[in-house]
Amino acid sequence: SEEESEDGLRHAAADLNAFLDGLMVDEDLLPEQVMVLGFSQGTMMSLQVAARRADPVAGVVGFSGRLLAPERLEDEVVSRPPILLLHGDQDPVVSPDSLPAAANALTAAGFEVFAHIMKGTEHGIAPDGLSVALAFMRDKLGLEGESDD
């Protein structure tokens, strides 16, 4: 039911927030040193949580997901980290149309959004998408000189 879905979302968001808070305390990290990355449902949770955290993370990378409840975003947004959305153009699980829908809603809510379509990719992560994500993460974390090793 819709009520059960909302309840599940609230519990999962609380768990992800607790994990991020613990990570920052345990590893002595500042929010701007943390990047949230998700795939499919992980993207949905990353977008849900990052926009509602008081201390903005360095950015969000979302593969093959969608934005949940875009109609509530503007009213609920607390922080606006930069966001990279990536999606396969052949995805049979989460429609590729989810990327422009999310990008439009996020942009309208004041987010800086970057997007990349992985050509010929189904519900997965292609090498070109991984390269784009790594470049985005290096840029937003200030690690431009780092290698992939």
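Modeller: Helices (H or I, at least four residues) and strands (E, at least two) are DSSP runs, numbered from the N terminus. Residues are numbered from 1 along each chain as its sequence is written, and side-chain values use heavy atoms, with hydrogens and water left out. This is a predicted model: local features need pLDDT of at least 70 and side-chain atom pairs count only at pLDDT 80 or more, while totals for chains, interfaces and linings use all residues.

Biologist: Let's start with helix H1: which residue follows H1 with a positive phi?

Modeller: H1 covers residues 2-26. Its 25 residues reach 36 Å from first C-alpha to last, close to the 36 Å expected at 1.5 Å a residue (the expected span is 1.5 Å times one less than the number of residues). After H1 comes a residue whose phi is positive, near 55°, and that is Asp28.

Biologist: Which elements do the buried residues of H1 pack against?

Modeller: Buried means under 20% relative accessible area, exposed over 50%, and partly exposed in between (1.4 Å probe, protein chains only). In H1, Leu9, Ala13, Leu20 and Met24 are buried. Packing rests on contact, meaning heavy atoms within 4.5 Å. The partners are strand E1 (35-39), helix H2 (41-50) and helix H3 (70-76).

Biologist: And strand E3 (83-88): how many of its residues are buried?

Modeller: Ile83, Leu85 and His87 point one way from E3, while Leu84, Leu86 and Gly88 point the other way. Both sets are buried. Of the six residues in E3, the number buried is six.

Biologist: Which residue stands opposite Leu84 in E3?

Modeller: Strand E2 (residues 59-63) runs parallel to E3, and four bridges join them. Two strands pair if DSSP finds at least two bridges between them. Opposite Leu84 stands Val61.

Biologist: Which residues touch the most other members of the largest nonpolar core?

Modeller: A nonpolar core is a set of buried Ala, Val, Leu, Ile, Met, Phe, Trp, Tyr and Cys residues joined through side-chain atoms within 4.5 Å. The largest has 28 residues, and H1, H2, E3 and helix H4 (98-108) each give two or more. Touching the most other members are Leu85, Leu106 and Phe111.

Biologist: Last one: what is the radius of gyration of the chain?

Modeller: This radius is taken over C-alpha atoms, and the globule rule is 2.2 Å times the number of residues to the power 0.38. With 149 residues, a compact globule would come near 15 Å. The chain agrees with that, at 15 Å.
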